[in-house]
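Trainee: I'd like to go through this model with you, one question at a time. Show me the sequence and structure, and I'll start asking.

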Amino acid sequence: MDRAGGNIALKEFLYKIADDLLILGHRNSEWTGIGPLLEEDIAFSSMAQDKIGQSLALYQLLHELGEEDPDKVAFMRKAGEFRNCQLVELPIAEYEFSLVRHFLFDHSIFLRFQELSNSSYHPLAMVAKKLVGELRYHVLHANTFTKKLGTATEESIRRMQAALDEAIPYSLGIFEPSPYEQELIDMGIFSGERLLCQTWEQEVMNIIRQTSLKMPDIDRDQAKTGGRSGIHTEYLQLLLDEMSEVFKLDPGAEW
Amino acid sequence: MIVMAFESLDPRIKRWNLSLQRNEEYQSADLDQLPTYEVFLQMRDGKAYEHAGIVHAATADMAFVFAKEQFSRRYTCTGMWVVLSERVWVTDCMELEENVYDHIVDTSINADGPQEEYEIFHLMKRGKQHKHAGTVGTTGHQQAILQAKTQFDDGTPVLNIWTAKKADISATDAEDQVIWSTLKDKTHREVISYRAGDRLKAFKERQNG
């Protein structure tokens, strides 16, 4: 593997993680001010802000590798240039859907960063090591809500179950393999999506088992993939238009 | 039944064309009012835990999750305690310079029962927070205060005392501390980051040439 080829694999890898975090961070921030409880409004908004901060840390790594500066990368690309999975771009819908998505996604990002703490790409390992702590809280939050609403009332169980059934095929899209999967594994940057998906399934099941919810069948053929190669739902461009509206008024402005 | 329709000004709501309806006869006091939990924070290792405020939550676990963002969003801390408000035992509240311990007398309450640990909190000044004074091992809240009187009363007026059974408190352990590890970098959460006065002044000066 020559250095240039390695860089392409690494950049592709960093972009998809960063894009997941930016888009989900923005989506979750749509609950700010209209959350179901004041306390939860604050907690969910803080975590949304954390996710955008996490994406910034990764865009900065990309900048160091020669990519455009983080603001440009975040605000000036079109939907087809984003590498996020489709799960994160879906509308916030009802609160239970946002919670279930947060539960499924955050388990994956927590495990991913735990593993990346030992990545052979040192700058990434440093970022991952640092962010794993705050992600521990995100997962605790997600688990607490899932356990509570997954056991509380007939209505809460029914609604959580429906959200879970809907989100699972999209959540499998998180683990859509990259064309550079083997290079990343060979270089010791990351042990691969397949392995991560297996650990994720176990962790998610550990919590679901403590509730009245039923884990839908994990059928990889049903996975909603495409996001990693720039194929998105209609919702992403609408999100990007709104997110970048102010930035685009004056892209050179100092904030 | 009166059903009122509202039009939201929030673009996030308008976008989805949601119709917001409120049923004015809707009664759900039981569902709307969750119990409260008292939250205590330790600002640095070795410092006493201090009362930070309350959260509403359905369970102690949820109270813990809410309290973390409610009270340690901006300033880092090293530990958090959460306890159901109903489980906190409170003495009378004194006026200035009066020591509540002077009013505590041994009423020889039956002190049989299992020995348990109780946390004692002192309020030293009106408008300040209750601060952890120490732990006593005894058989009930009233006995805990009697114990506290012998151990923690140095004559300085204590206006009010709270006691809570240690077993009733959900507490962070040492390995939970990492949940706060990135907080000191989040300067964007501090009010100073939003100060726009200087920029506004510079803008006005530019405008006026």
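**Questions and answers**

Trainee: Leaving aside its neighbours within four places in sequence, which residues is A:Ala223 in contact with?
Mentor: Contact here means that two residues have their C-beta atoms, placed from the backbone, within 7 Å. With neighbours up to four places away left out, the contacts of A:Ala223 are A:Pro169, A:Leu172, A:Gly173 and A:Glu176.

Trainee: What pLDDT do local features need here?
Mentor: Housekeeping first: residues are numbered from 1 along each chain as its sequence is written, while chains are lettered from A and ligands numbered from 1 in the order in which they are written. This is a predicted model, where totals for chains, interfaces and linings use all residues, side-chain atom pairs count only at pLDDT 80 or more, and local features need pLDDT of at least 70.

Trainee: How far apart are the C-alpha atoms of A:Ala223 and A:Ile168?
Mentor: A:Ala223 is in the loop between α9 (193-208) and α10 (234-243) of chain A. Helices (H or I, at least four residues) and strands (E, at least two) are DSSP runs, numbered from the N terminus. A:Ile168 is 55 residues away along the chain, yet the C-alpha separation is 8.0 Å.

Trainee: What radius of gyration does chain A have?
Mentor: Chain A has 11 helices and zero strands, and its C-alpha atoms fill a box of roughly 55 × 45 × 30 Å along the principal axes. The radius is taken over C-alpha atoms, and the globule rule is 2.2 Å times the number of residues to the power 0.38. For 255 residues a compact globule would be near 18 Å, which agrees with the value for chain A, 18 Å.

Trainee: What share of chain B counts as buried?
Mentor: Chain B has five helices and 10 strands. In chain A, buried residues make up 43% of 255. For the 209 residues of chain B, the share is 24%.

Trainee: Which element gives the most to the side of chain B that touches chain A?
Mentor: Across the interface, 19 residues of chain B are in contact with 18 of chain A. On the chain B side, β4 (50-56) and α3 (60-71) each supply at least two residues. With seven residues, the one that gives the most is α3(B).

Trainee: How are the axes of α2(A) and α3(B) arranged: roughly parallel or roughly perpendicular?
Mentor: Axes are lines fitted to C-alpha atoms, for helices over the stretch in contact, and angles run from 0 to 180 degrees between N-to-C directions. The axes of α2 (residues 38-64) of chain A and α3(B) come within 9 Å and cross at roughly 70°. Under 35 degrees is roughly parallel, over 145 roughly antiparallel, 65 to 115 roughly perpendicular and the rest oblique. That makes this pair roughly perpendicular.

Trainee: Which residues of α3(B) make that contact?
Mentor: From α2(A), the contact uses A:Glu39, A:Glu40, A:Ile42, A:Ala43 and A:Ser46. On the α3(B) side, the residues are B:Val65, B:Phe66, B:Glu69 and B:Gln70.

Terms used:
Buried ≥ 20, exposed ≤ 12 C-beta atoms within 10 Å, placed from the backbone.
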